[in-house]
Structure formats: C-alpha cells, structure tokens
Amino acid sequence: MSFFLLSLLLMLVFLYLLQKSYNEKTVEEKLKLVQNQCSILSNQILVNQFTIESTQDNLNVEIDQLANVWEGRILVIDSKYKIVKDTYTIDQDNYILYDEAILVMRGEKDRNIRMVDDYAEIVQPIINADKMISGVMIATVSMKDLEETNSFIAGQAQVMLVLFSILALIAAFIICRVSVKDTKRLNRSITEMGEGTLGKLEMKARFNENRQLIESFNVLLEQMRVLEDSRQEFVSNVSHELKTPITSMKVLADSLLMQEDVPAEMYREFMSDMVEEIDRENKIINDLLTLVKMDKKAAQMNVQPVNINALLELLLKRIKPLAAKRNIEVVFESFREVVGEVDEVKLSLALSNLIENAVKYNNDGGNVHVSLNADHKFFYIKVQDNGVGIPEECQSQVFERFYRVDKARSRETGGTGLGLAITRNAILVHKGAIKLYSQVGEGTTFTVRIPLKYVN
Ligand code: ADP
C-alpha cells in the first residue's frame, strides 16, 4: 500500500509539474510570436507615418486580418495619444486614457504584458529609426486555443495516471507477495527447527536482506550448537568426576563387607581412604559451585578498593608451608603499592589457584616468582615457576573445565581440573585478561592484567 501510494503521489507531482511547464512554455511561445508580429507591423506603420485608415492600403487590411486570426483586437496609437487604428472601430480617432499605454509611450515602461481571463494583452512601443518612441500598439490575443491543447494534454495525463496506477498496483502486489513469501518460508523453517533439533537453515531467499538474515541466524545457530555441545560435555564430565570418588568408596566398602573378621587396622586404613574420597567429592562440589557462581558474572560482584600487595603477601604466606615441605622457594617482588577496585574474594581465588598450581606442578627444590606492577590504567601480576611446564598443544585447553594435562599428577595433588577455569572466569568478570607462556621442563608463566578501576 505504501509503495503504491508513494508511487502514485510521485506520478501526480511529476505530471503536474510537466503540465505546468508545458503550459508556461506554450504561453511564452505564443506571446513571443505576437510580439514579433507586432514589431513587423510597427515597422510598416512607421513607414506609413501612422496614416493607416486614410491610405486604405494593405496595412489596414493586414492589421484587421491579424486581429481576426488572434480572435482579439489591435489598437495603434500615435505620439499625440490618438487612436489611429482600432480593429473594433469603437475607439477609432479617440484619445487613449489607458495608464499602461501612457506609461509605455512616455518610456517609463518598456512593454506591458497582462493576462485577463482567456486573453493576453500586450502593450508595446513603436520605435522609429532614431530610437524614439513614436507610438504605441495594444494587441489583445485570445489564449483559448492554448487552453484546448492544455486540456487535451491534461486528459492524456489522466490516462497515463490511470495506466501508471494499474502498473504500480501490480508491482506493489508482486513485491509484496514475493517478500512475504520469503518471510513466511523463513518463519516456517524456524518453527520447524524449534520443534526439532538445532540444524542449519537451508533456505534460498530472494532478497539480499533475507539472505543476510539467514546467514546471521545460522551463525547464531552455530553458536547455540557449540554452547549445547559444551553444556552436554560439561554435564558428562561432572557426572564422571562425581562418580569416580563414589566408585572408589564403593569398592573400599564392598571389600570390607566381603571379608569376615577384618582386622581393626585394615578397617582404619580403608576408612581413612574413604574419608579422602569424601573430601575429594566435597572439593569437586565446592569448585563446581564456585564456578557456577562465577558464571553469573557482574550481578554478584562485591567491588571495593583492595591493597593488592597485602593480598598477594597473605596468599603467599598461606602457601609457603606447603612449598617449604618440598623445598620450593617462593619470592614476591613488588614494583609499587597498588590499590585496585576488585572483588577481593574472587580475585583471591583466582590468584591462589595460580600460585598453588605453580607449587603443585613444580619440581622439589624449585622456584616460584610472583611479581606485581601497575601503570595508570591496569595492574599486572606475574606468577612464574620453573616446574614441569605445559606442552604447547595443551596450552589452549588448560582453562577448560576438568581439563588436566597429567590426570594422575593432578589427582595425586588433589586437583579437580576446575582451578584454571575458575581463575579465568574470575579475571574476566573484572574485565581483565590472562595469558600463559610455558615450555615443557622449563616452567610456566601466567600473566594477569586487571583494570585499576572497575567498570561495570
Ligand atoms: P587442577 O585442579 O588439575 O590443578 P587446573 O584447572 O588448575 O586444574 O589446571 C589444569 C591443568 O593445567 C592442570 O591439571 C595441569 O596439568 C596444568 N597446569 C596448571 N598450572 C600449571 C603450572 N603452573 N605448571 C604446569 N602445569 C600446569
């Protein structure tokens, strides 16, 4: 409808302007012609020195004929304001009192053209060879003939308008049908997809815009698919991880049950193993809960100005006894005092995971080097160790949930495979970044960058 109405409006304006300019052009042409003929007559009148009636020559007849052709009237006035020729004869030999004629005669106006109803009136001076005004000619010309052509053209324009309206209506209808068809098909495909599994939208659209829409939709579907895959993988990983300690506990319990007269020491040993498994289960559940909380992002951020130097010193103090057991030296290097707007609990968790890993995956007698620096926008923490290192092919995966390079070692040290995932999430909710550099046998360095001012 909009397309149709708009094209109709445009066509109307176009035809109106066309007709108007055509009218103006024809009027202009006719007036030019009349003026030319008046100039020719003026020359002849000058030659005859304004004696038109008395000579009864061709000139008189010519003027009458011309007035006839124009369906109008011609008046010739001499320099004494006397009407020497009136094709209507009523004002013949009278003196002219018409203002416009007097103004032109005095040279106060070059020429006067006036439109009255269907007539045009031209008042034009008769100029002699010395460029002096020796009289005035008034020609009244009928414009009715132009009106006839104009109304004929208006009729034609109306026919064109009707034809164009029909064409516009058909075009509007076709465009509407085609575009709606695309949209309907798209809608149908999306509905079908909603009922089934997430696939890919295989639909050929006619319009570029719809094609782009389908492309964007497919990108979205792909993202959803990846999300769904990772969700499923996560669920199966969780089940597996939670099952392992339970299976171990069951094996331990069963073996105790199957034997009769089990010695007290054995009970004690098996029980302490079971307690270990329960602790492990507990740790996995706690880590999972932490991760889930972290995923809820900024909503639960408790941001406060925190002295990062003091925070790191505290974390290192906690880890030092563990490190000392394995003769690992832990060093803290601070380049300046740093106060950052952070969630202390979340950041502590992130950093303690990094520091614990640096000790856990280190060799006995190794080193852990933690440094803190800042510029005007960010603070930077580096956790460096000279431990076992991470193979290059595993480096991109270590931040994934439950990923462990060496499963046995991780289990041995009580790892759940969730530590780095928690760390990365905690840093991301601070709008920070974490990077990893590592070489097998040489050691690992994690660098963390966090904005000093928290932006939501
Ligand atoms: P985990 O609970 O097993 O320590 P993380 O998510 O903390 O889980 O780490 C994932 C894996 O990345 C670890 O199992 C380990 O293989 C590797 N890793 C993490 N930190 C280090 C490090 N500093 N040096 C060597 N390997 C590391």
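Predicted model: local features only at pLDDT ≥ 70, side-chain atom pairs only at ≥ 80, totals over all residues.
A salt bridge is a side-chain nitrogen of Lys or Arg within 4 Å of a carboxyl oxygen of Asp or Glu. With that in mind, please look at Arg73, Asp86 and Asp91, which are linked in a network of salt bridges.

Side chains of opposite charge can pair when their charged atoms come close. In the whole structure, a search finds 19 salt bridges. I shall show you some of them.

One is formed by lysine 30 and aspartate 145, whose closest N and O atoms are 2.8 Å apart. This pair links distant parts of the chain, since lysine 30 belongs to helix H1 (residues 2-47) and aspartate 145 to helix H4 (residues 144-195), 115 residues apart. Is lysine 30 buried or exposed? Lysine 30 has a relative accessible area of 16%, so it counts as buried. Aspartate 145, at 38%, is partly exposed.

Another salt bridge joins the side chains of lysine 109 and glutamate 100, at 2.7 Å from N to O. Here lysine 109 is partly exposed, with 30% relative accessible area, whereas glutamate 100 is buried at 18%.

A further pair lies within helix H5: glutamate 228 and arginine 231 are three residues apart there, about one turn of the helix. Their closest N and O atoms are 3.1 Å apart. Glutamate 228 is partly exposed at 28%, and arginine 231 is partly exposed at 46%.

I now turn to the domains. The protein is divided into domain 1 (2-149), domain 2 (208-294) and domain 3 (300-451). The centres of domain 2 and domain 3, taken over C-alpha atoms, are separated by 24 Å. To their contact, domain 2 contributes 17 residues and domain 3 contributes 16 residues.

How much area is buried between domain 2 and domain 3? The value is about 1,500 Å², with carbon and sulfur atoms giving 62% of it. Of the area that domain 2 buries against domain 3, 44% comes from Arg280, Leu291 and Met294, more than from any other three residues.

Between these two domains the count is one salt bridge. Arginine 404 and glutamate 241 form a salt bridge in which the closest N and O atoms are 2.5 Å apart. On the side of domain 2 that touches domain 3, helix H5 (208-258) and helix H6 (264-295) each supply at least two residues. The largest share, ten residues, comes from H6. By type, the residues of that side divide into six nonpolar, five polar and six charged.

Technical notes. Residues numbered from 1 in each chain as written. Heavy atoms only, no water. Domains from an automatic or database assignment. Contact = heavy atoms within 4.5 Å. Buried area = accessible area lost by both parts, 1.4 Å probe. Helix = DSSP H or I, 4+ residues; strand = E, 2+ residues; numbered from the N terminus. Nonpolar A, V, L, I, M, F, W, Y, C, P; charged D, E, K, R; others polar. Buried < 20%, exposed > 50% of the residue type's maximum accessible area, 1.4 Å probe, protein only.
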